[in-house]
Amino acid sequence: MALHSLLIIGCGSIGERHLRCFQRTGRAQVSACDANPALLETMAKTYQVPTFDHWEKALAAQRFDAVVICTPAHFHIPMAVRVLQQGCHVLIEKPLSQSMAGVDDLLKAHALSGKQASVAYVLHVYPLLIQAREFLRSGEFGPIRHVTSTSGQYFPGGRPAHTVHYSQTYYRDRKMGGGAIQDALTHTANWVESVVGPTDSVLCDCAHQVLPGVTVEDTVNVSARHGDILVNYTLNQFQAPNESTLQFNTAAGSVKIEFHHRRWGTFKLGDAAWNWRDVPPADRDAPFIAQAEAFLDQIEGKPSRLCSLEAAARTLRFNLAALASADAGARVHCDRVIA
Ligand SMILES: NC(=O)c1ccc[n+]([C@@H]2O[C@H](COP(=O)([O-])OP(=O)(O)OC[C@H]3O[C@@H](n4cnc5c(N)ncnc54)[C@H](O)[C@@H]3O)[C@@H](O)[C@H]2O)c1
C-alpha cells in the first residue's frame with residue numbers, strides 16, 4: 001500500500017515523538033510544521049522531513065491524508081475543524097481543548113467530513129490496560145463499586161533536553177491546557193471513563209506544591225462519582241518515583257494495575273494473594289508507535305482502537321469540572337460545565 005502523507009503540526013516534546021514514531025511504522029511520509037524556525041531546522045536535519053513554518057500554508061500547499069495536531073490545547077479545536085474541512089483525517093493531542101467553546105462545531109465538522117478523528121489519549125493502546133479492561137468488562141467479578149488511582153512522577157524529567165523548559169510551555173497556564181489536571185490527570189480520568197462510563201460530578205482539591213518556575217497546580221486530589229461508582233484520584237507531578245497504580249474493587253474481588261511494575265492482577269474474595277499477569281518491558285516510544293499504527297489502521301478503514309472525539313469531550317468536562325470545583329471549594333456536576 002502507498003505511504004500515507006501526514007503532517008505533524010507542533011514539533012515540541014510530543015510532536016517530535018509522533019514524528020519519529022509515525023516514521024517508524026514505515027507506513028507514512030511525514031512532514032513537519034512548527035512556528036519555531038530553530039525547531040523546524042532540527043526536525044529537517046534529524047528526520048530528513050519537509051518542513052512548513054505555518055500550518056495554514058502547509059494545508060494550502062499540499063494535500064495531506066492526515067494531520068496530527070500537537071500544539072498546546074487552545075489551538076486544538078480551531079486547527080482540527082480546519083483540517084477536517086480540508087478533507088484530512090485528524091489525530092489530536094490531549095486534552096481535546098481547555099474550554100467547551102467550539103466542541104459542538106468540531107463534532108459537526110467531523111460528522112460532515114466523513115473522515116476519521118481521534119484524540120491521542122495514549123493509554124488506550126497500553127497492553128496491560130487493554131487486558132485489564134477486557135477482564136473488567138467480562139463481568140467475572142460483578143459490578144465495579146470503587147476505583148482508586150494513585151500516581152506521580154517528576155514531570156520536568158519527562159521532556160527531552162533540547163526542548164523548551166517546561167516553565168516556558170503551555171504547562172505554565174491553565175488557559176493553554178497547563179497544570180496537573182489538564183496535563184496529567186486527564187489521561188487517567190479518560191481511561192477510567194472508558195471502563196466505568198462518564199464522570200457525573202467531582203469534588204476537587206489542588207495546589208501548587210513544588211515545581212519551580214510555575215504557579216499552576218502540580219498536585220491534585222479528586223473524589224468523583226460515575227453513577228453509583230465512587231472514584232478517587234490522587235496525583236502529583238514532583239515525586240521522585242515514577243509510579244502509578246489503579247485499582248478497581250467489586251464485591252467479589254479486585255483488579256489492580258501497576259504501571260511501574262508493568263503488571264496487572266486479580267484478587268478474588270477468599271484468595272490469599274494477587275494473581276499477577278506481567279507484560280513485557282517496552283521503550284518509551286513503544287506505545288506511541290502502537291498508537292500511530294492504530295491511527296493508520298483506522299484511516300485504512302479498520303475499527304478505531306483510540307479515544308473518540310465524543311469520549312474526549314466528556315473527559316474535557318471532567319477537566320473543567322475539576323478546575324471549577326477546586327476554585328469554588330464545592331462539588332461540580334460535569335454536565336453543568338459551561339466554560
Ligand atoms: N500524550 C502525551 O503523553 C503527551 C505528552 C506531552 C504533551 N502532550 C500534549 O501535547 C500538546 C503539546 O505538548 P508539548 O509538550 O509537545 O508542548 P511543547 O511546548 O513542547 O510543543 C508545542 C509546539 O507547538 C508549536 N506551536 C505552537 N503554536 C503553533 C502554531 N500556531 N503553529 C505551529 N506550531 C505551533 C510550538 O512552537 C512548540 O514547538 C499539549 O496539548 C500537551 O498536553 C501529550
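User: What makes strand E7 a partner of strand E10 (residues 229–236)?

Analyst: In this predicted model, seven bridges join E7 to E10; two strands pair if DSSP finds at least two bridges between them, and the count of seven therefore qualifies E7 and E10 as paired strands. The two run parallel, with Thr150 opposite Thr234 in E10 and Gly152 opposite Asn236 in E10.

User: How do you know that E7 also pairs with strand E11 (residues 243–250), and in which sense?

Analyst: Eight bridges link E7 (residues 144–152) to E11, and since at least two are required, these strands are also counted as paired. The sense is antiparallel here, and Ser149 is the residue that stands opposite Leu246 in E11.

User: Where do E7, E10 and E11 stand in the order of their sheet?

Analyst: The order of this open sheet of nine strands is E14-E13-E12-E11-E7-E10-E9-E8-E15, which places E7 between E11 and E10, and the pairing is mixed.

User: What makes strand E14 (275–278) and strand E15 (332–333) edge strands?

Analyst: Each of E14 and E15 pairs on one side only, and that is the ground for calling them edge strands. For E14, the neighbour in the order is E13, to which four bridges connect it in an antiparallel manner; Gly265 has Trp276 in E14 as its bridge partner. E13 and E14 form a hairpin with six residues between them, and Gly270 in that turn has a positive phi of about 105°.

User: Which helices pack on this sheet, helix H6 (residues 127–138) and helix H7 (residues 180–196) being named, and which strands do they touch?

Analyst: H6 touches E7, E11, strand E12 (253–258), strand E13 (263–268) and E14, and its direction makes about 170° with that of E12. H7 touches E7, strand E8 (201–207), strand E9 (219–226) and E10, and its direction makes about 150° with that of E10.

User: What is the order of the open sheet of six strands, and what is its pairing?

Analyst: That sheet has the order E3-E2-E1-E4-E5-E6, with parallel pairing, and its edge strands are E3 (51–52) and E6 (117–119), each of which pairs on one side only.

User: How do you describe the crossing of H1 and helix H8 (residues 286–299)?

Analyst: Two packed helices are described by the angle between their axes and the distance between the axes. The axes of H1 and H8 come within 8 Å and cross at roughly 65°, and the crossing is right-handed. On the H1 side the contact includes Arg17, His18 and Cys21, while on the H8 side it includes Phe288, Ile289 and Ala292; the residues of this contact divide into six nonpolar, two polar and three charged.

User: Why is the ligand said to lie between domain 1 and domain 2?

Analyst: Domain 1 (4–122 + 290–304) and domain 2 (126–279 + 315–336) both give residues to the shell around the ligand, so the ligand lies between them. The shell consists of 28 residues, the closest being Gly10, Gly12, Ser13, Glu93 and Thr169, and by class it has 15 nonpolar, nine polar and four charged residues. H1 (residues 13–25) gives the most to this shell, with three residues.

How values were computed
Residues are numbered from 1 along each chain as its sequence is written. This is a predicted model: local features need pLDDT of at least 70, side-chain atom pairs count only at pLDDT 80 or more; totals for chains, interfaces and linings use all residues. A residue is near a molecule or strand if its C-beta atom, placed from the backbone, lies within 6 Å of it. Ala, Val, Leu, Ile, Met, Phe, Trp, Tyr, Cys and Pro count as nonpolar, Asp, Glu, Lys and Arg as charged, and the others, Gly among them, as polar. Domain bounds come from an automatic or database domain assignment. Axes are lines fitted to C-alpha atoms, for helices over the stretch in contact, and angles run from 0 to 180 degrees between N-to-C directions. A crossing is left-handed if the near helix is turned anticlockwise from the far one by less than a right angle, and right-handed if clockwise. Two residues are in contact if their C-beta atoms, placed from the backbone, lie within 7 Å.
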